[in-house]
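Here are my notes on the model you passed along. I went through it on screen and jotted things down point by point.

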Amino acid sequence: MINTTHTIALAGNPNTGKSTVFNALTGLDQHVGNWPGKTVEKKEGRWKYNGSEYRIIDLPGAYSLSSFSMEEIITRDFILEEKPDLVVVVVDAANLERNLYLAVQILEAEVNVILALNMSDIAAARGIDIDVSHLSEVLGVPVTPMAARKGQGLDDLKQVIADALNSTKNGGSHHQ
Amino acid sequence: MTASTNTFDNTPFVIDYGPDLEDAISQLQERIEATPKLTQRYPARWLAIKLLEEDNIVSANVAGISGGAEILTIASQYIANLRSKYGEDVDTLIADRRYSWINHLVREIIRQGGADEPTTSDKIDQIVTNRWLGVPIFMLAMWAVFKLTTDVSAPYLDWITDVIGGPISNWALALLALVELENSWVASLVVEGVLAGVGGVLVFVPVLMSLFLALALLEDSGYMSRAAYVMDRLMRMVGLHGKAFVPLVVGFGCNVPAIYATRTLENRRDRILTGLLAPFMSCGARLPVYVLFATVFFPAYSSLAVFAMYLLGILVAVLIGLVLKNTLFKTSETTGMIMELPPYRLPTIRNVWSSMWQRTKGFLHGAATIILLTSIVVWALMAVPVGGEGAFADTDIDSSLFSRVSDLVTPVFKPLGFGSWEASGALISGFVAKEVVVSTLGQVYNVGGPDKVLEPTTFLEDVVSIVTSFAQATIDTFKSIPLILGIDLFGDEAQDAPSELMTAIRTGFEASSGGRGALAGLAFMVFVLLYTPCMAVVAAQRQEFGAKWMWTSVIGQFVIAWLVAFAVFQGGLILGI
């Protein structure tokens, strides 16, 4: 499993802690530039886990996959054209309903998705109790609760990502 | 925490859009699946939905593929039928269905405990974004930021000055002595050009680090969004979107990222207008100039004088904004504001550090390239003798090439009270970067440098003194922290005995202003605030808005700076201040 470079994209609404997850995975191994021909920041990094190396792209924060803003277009084009091996959709557990609007559209694009249920601690503090396994069942994707700012659930997320990539490698993927 | 299944469902994810929409989707999907060029590029069902949503980018792509036009025709028939049946655009129908699907899902999976109870975040917002309290709280926050940058960093600032002026200069000269260059022009270049220039920049790293720390805390805690929200009404008066406040606030750190931050605005008009106003936000690099001049001319009120510069920058930006709103930018109105207020969060060390470090690194990068170069160019100009007096690197500064070049522009600044070649020279190098204004003044007034008598010390003594003085600086910094919250506006801020540079500046400004040194010093501070911040900003403006707007900004700022400084000096003379 050495030197398999999978591409993982991080997607999500603004203010969901996407950057915190990106920083946690890549550490200082990041490169910040611009999307070609666009005036939107592109963050790319490398993440090493269990002897494998992964390329991580932090997509710009977007609320939808329509073509109303540069951020949405970049996110959509990357997912459809670059066909990342996995899209980790970071959602704010405390604002789940609004955040799912983007997540659902990414799922409709028929890519492999993991839902990172970030800020679970804040949701819990507000008395929001989420049935994670039911959510996972309905969406048909792995769902991992986490609190990235406190470093909680990051290990789970890493493991889920690795497992998911292994299962797509062995099982059927959505690629033609 | 519980995790879910770690594998993917193999059946594709599908939302049921209801019989009418599903019929249209499946018909289109069938056509799409018969067109391999389309299925290579898009998932068929996804594409069918996008076509019904009338997504213009996707539709244009489909139109370019053979067979695509036919599919688009079919799509438009379905769109027309659905629109006449439901009386709504199909993209609205689809969005509605998606939202209700999600709403249904969320009801199933969420059990909400204390449902409508306001969160802590809401409670804080009731106060912080209050109609009357919002702006005063914002001003208090800004005040705390400036106390943090001026007071907390001060001990480190002194420490760096001492280390570079003492041990490091000593070591450089000692190394040059090994190759018998200690009395040559090389020694002059190293100590007066390189060390004076870059050292003069490093001195302000503590100031900028504490400023960037403060900005990172504001951003990471979520307060920055509130500041933008609170300032929305004010921003609209100058014809800007509330979101434009963020680049402007970033401008207080550095104008260069502020120019790039205008990218977050949706339309070009807002971006350019914000980009023209951002340079009036007083950046961290201008702060050392204010601190120096305020200490020289207004020792009792130095914090207030510095704060006044920041306020003046905002005031000028507001006025210019009003003028531009009603002239050059009259045509279009700003778009409505949608702004998210993320919940307040405790800033994490990692995010704060990363933001602070990246910005400081950017500053140091600039320091290493542009500023070192400028410092060397200025040194070289000063080293070249004019009129046969002295030799290279051994000439009086007032008979150097630099003084002649600066002299050419001096008449422009006469009416402002600082028509001396020293002040003009500092402003010339300040056009390249504000960080060098202070170091150029150090050079033109010929203070410091190798002529200074340095006590002979051993290497070990040097190292020990560097470490112990750093520890003392740290202690002093912690001692100063409680004072940040102290309302010490007019308190005792007496400085140490004036350094050589301060004495030289006072003498020089008194001479050029006919004895009204303080007034001329104030006019100089105002000029530094308002004219072009640095070459990097000019480059950024050119890149973002084009050469035309870049020149508008450069020339406009010079004229405004001159007029306001003129008003300050001449007005002061008339009022007899």
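This is a predicted model: local features need pLDDT of at least 70, side-chain atom pairs count only at pLDDT 80 or more; totals for chains, interfaces and linings use all residues.

1. Let's start with chain A. It has six helices and eight strands, and along the sequence they run β-α-β-β-β-α-β-α-β-α-β-α-β-α. The chain is 176 residues long, and 60% of these count as buried. If you take the contacts in chain A with a separation of 6 or more, 66% are between residues 24 or more positions apart.

2. Now the contact between the two chains. Chain A puts in 64 residues and chain B 55. Interface size is often quoted as the accessible area lost when the parts come together. Here chain B and chain A bury about 5200 Å² between them, and carbon and sulfur atoms carry 55% of that.

3. What about charge pairs and polar contacts at that interface? There are three salt bridges between chain B and chain A. One to click on is B:Arg41 with A:Glu81, where the closest N and O atoms are 3.7 Å apart.

4. Which elements of chain B supply at least two residues each to the side that touches chain A? They are helix H3 (44-52), helix H4 (56-63), helix H6 (90-109), strand E1 (110-112) and helix H19 (349-383). H6(B) gives the most, with ten residues. By type, the residues on this side of chain B split into 24 nonpolar, 17 polar and 14 charged.

5. On to the rings. Over all chains the count is 24 aromatic pairs. One of them is B:Phe293 with B:Phe524, a stacked pair with 4.7 Å centre to centre and 20° between the planes. This pair ties together distant parts of the chain: B:Phe293 is in helix H17 (residues 287-297) of chain B and B:Phe524 in helix H25 (residues 517-530), 231 residues apart. B:Phe293 counts as buried because its relative accessibility is 0%, and B:Phe524 is buried too, with a relative accessible area of 0%.

6. Stay with helix H25 of chain B for another pair, B:Phe413 and B:Phe527. Their ring centres are 5.3 Å apart and the planes sit at 80°, so this one is edge-to-face. Again distant parts of the chain are linked, with B:Phe413 in helix H20 (residues 401-413) and B:Phe527 in helix H25, 114 residues apart. Both B:Phe413 and B:Phe527 are buried.

7. Which residues make up the cluster that ring pairs hold together? The members are B:Phe293, B:Phe297, B:Phe413, B:Phe418, B:Phe509, B:Phe524, B:Phe527, B:Tyr531 and B:Phe558. The two pairs in the points above therefore belong to one cluster, with B:Phe293, B:Phe524, B:Phe413 and B:Phe527 among its members.

8. Last, a proline worth a look. B:Pro288 is found in helix H17 of chain B, the helix that also holds B:Phe293. Is B:Pro288 buried or exposed? It is buried, because its relative accessible area of 7% is under the 20% cut-off. Its C-alpha atom is 8.8 Å from that of B:Val437, a residue 149 positions away along the chain.

Methods
Residues are numbered from 1 along each chain as its sequence is written. Chains are lettered from A and ligands numbered from 1 in the order in which they are written. Side-chain values use heavy atoms; hydrogens and water are left out. Contact means heavy atoms within 4.5 Å. Buried area is the accessible area (1.4 Å probe) that two parts lose on being put together, summed over both. A salt bridge is a side-chain nitrogen of Lys or Arg within 4 Å of a carboxyl oxygen of Asp or Glu. Helices (H or I, at least four residues) and strands (E, at least two) are DSSP runs, numbered from the N terminus. Ala, Val, Leu, Ile, Met, Phe, Trp, Tyr, Cys and Pro count as nonpolar, Asp, Glu, Lys and Arg as charged, and the others, Gly among them, as polar. Rings of Phe, Tyr and Trp (its six-membered ring) pair if their centres lie within 6.5 Å; planes under 30 degrees apart count as stacked, over 60 as edge-to-face and the rest as tilted. Buried means under 20% relative accessible area, exposed over 50%, partly exposed in between (1.4 Å probe, protein chains only).
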